[in-house]
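Here is a friendly walk through one protein model. Have the viewer open and turn the model as you read.

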Amino acid sequence: IGHQFPLRGSGGLGRLLGAFFVLLGCRSESKAEFALEVSISKQKVTYMYDQEKDSVSSLTFNISYDISKNKEYEEKARRQREKIVKEMDGIDGIKVTQSDSEKEIAFTVDVDLKKFKYDDEESRSKAPALYSSVHSALVKKNDHYSFEESKKKILEEGFKEVK
């Protein structure tokens, strides 16, 4: 009366999911953060990179200004940020996010190195602050951005690794 059918393919599905998780687990993408505090500003640089290939895929700059102690500085910081953000508008591979609070003016710049053209002279002249920051944070070696070389350079700039 109660006919039982073997669950065909369940072993295959289990093997497939297991292989999928193994593939995900084997990815060598890593994240490293470096920070620098000077006076009322804080900067954090985050690298996403492939450990095996020593290749940086993206870079994030978080920049914030503490305005809680000096309201006179607030307007200057806002103007400076506005100028920098405006320069970056329309550059391929760049995403800018701004955030403010009563104590802080901040912005984040995400650089997708698969889209961003480091050697684009027009963008370089339009956004010198961006290109200067990227130049300070990235080192190209063997036709890719090397994390190990970039790490040496950012440490030379005075940043400390966040562990």
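How many helices and how many strands are there in the protein chain? There are five helices and eight strands. Please keep in mind that this is a predicted model. Following the sequence, the elements of the protein chain come in the pattern α-β-β-β-α-β-β-α-α-β-β-α-β.

**The sheet**

Let's begin with the strands. Six of them form an open sheet, and its order is S4-S5-S3-S2-S1-S8, with antiparallel pairing. Strand S4 (94-100) and strand S8 (160-162) each have a single partner strand and stand at the edges, so one side of each is left without a neighbour in the sheet. From one strand to the next, the twist averages 20°. As background, strands of a sheet pair through backbone hydrogen bonds, and they can do this in a parallel or an antiparallel way.

One pairing is worth a look in detail. Strand S3 (residues 55-66) and strand S5 (residues 104-112) run antiparallel and are joined by nine bridges. To find this pairing in your viewer, pick Asp-66, which stands opposite Glu-104 in S5.

**Helices on and around the sheet**

Which strands does helix H2 lie across? Helix H2 (residues 71-88) lies across S3, S4 and S5, and it runs at about 15° to S5.

Helix H4 (residues 128-137) shows where its buried residues point. Leu-130, Tyr-131, Val-134 and Ala-137 are buried in this helix. They cover an arc of only 130° around the axis, which puts them on the same side of H4.

**The chain as a whole**

The protein chain has 163 residues, of which 33% count as buried. Its accessible surface comes to about 11,200 Å², and 51% of that belongs to carbon and sulfur atoms. If you take the contacts between residues at least 6 apart in sequence, 49% join residues at least 24 apart.

**Salt bridges**

For anyone setting up charges, the ion pairs may be of interest. The structure holds 11 salt bridges.

| Pair | N to O distance |
|---|---|
| Asp-92 and Lys-117 | 3.6 Å |
| Arg-124 and Glu-121 | 3.8 Å |
| Lys-152 and Glu-149 | 3.2 Å |

Asp-92 and Lys-117 form a salt bridge. This pair links distant parts of the chain, 25 residues apart: Asp-92 is in the loop between H2 and S4, while Lys-117 is in the loop between S5 and helix H3 (121-126). Asp-92 has a relative accessible area of 44% and is partly exposed.

Where do Arg-124 and Glu-121 lie? Both are in helix H3, three residues apart, which is about one turn of the helix. Arg-124 counts as partly exposed at 25% relative accessibility, whereas Glu-121 is exposed, with a relative accessible area of 55%.

Lys-152 and Glu-149 are three residues apart in helix H5 (residues 147-156), so about one helical turn separates them. Lys-152 is partly exposed, its relative accessible area being 46%, and Glu-149 counts as partly exposed at 23% relative accessibility.

Finally, there is a network of salt bridges to pick out: it links Glu-74, Arg-78, Arg-81 and Asp-100.

Conventions. Residues are numbered from 1 along each chain as its sequence is written. This is a predicted model: local features need pLDDT of at least 70, side-chain atom pairs count only at pLDDT 80 or more; totals for chains, interfaces and linings use all residues. Side-chain values use heavy atoms; hydrogens and water are left out. Two strands pair if DSSP finds at least two bridges between them. Helices (H or I, at least four residues) and strands (E, at least two) are DSSP runs, numbered from the N terminus. Axes are lines fitted to C-alpha atoms, for helices over the stretch in contact, and angles run from 0 to 180 degrees between N-to-C directions. Contact means heavy atoms within 4.5 Å. Buried means under 20% relative accessible area, exposed over 50%, partly exposed in between (1.4 Å probe, protein chains only). Accessible areas come from the Shrake-Rupley method with a 1.4 Å probe; for residues, only the protein chains shown count as cover. The arc is that of the directions from the helix axis to the C-beta atoms. A salt bridge is a side-chain nitrogen of Lys or Arg within 4 Å of a carboxyl oxygen of Asp or Glu.
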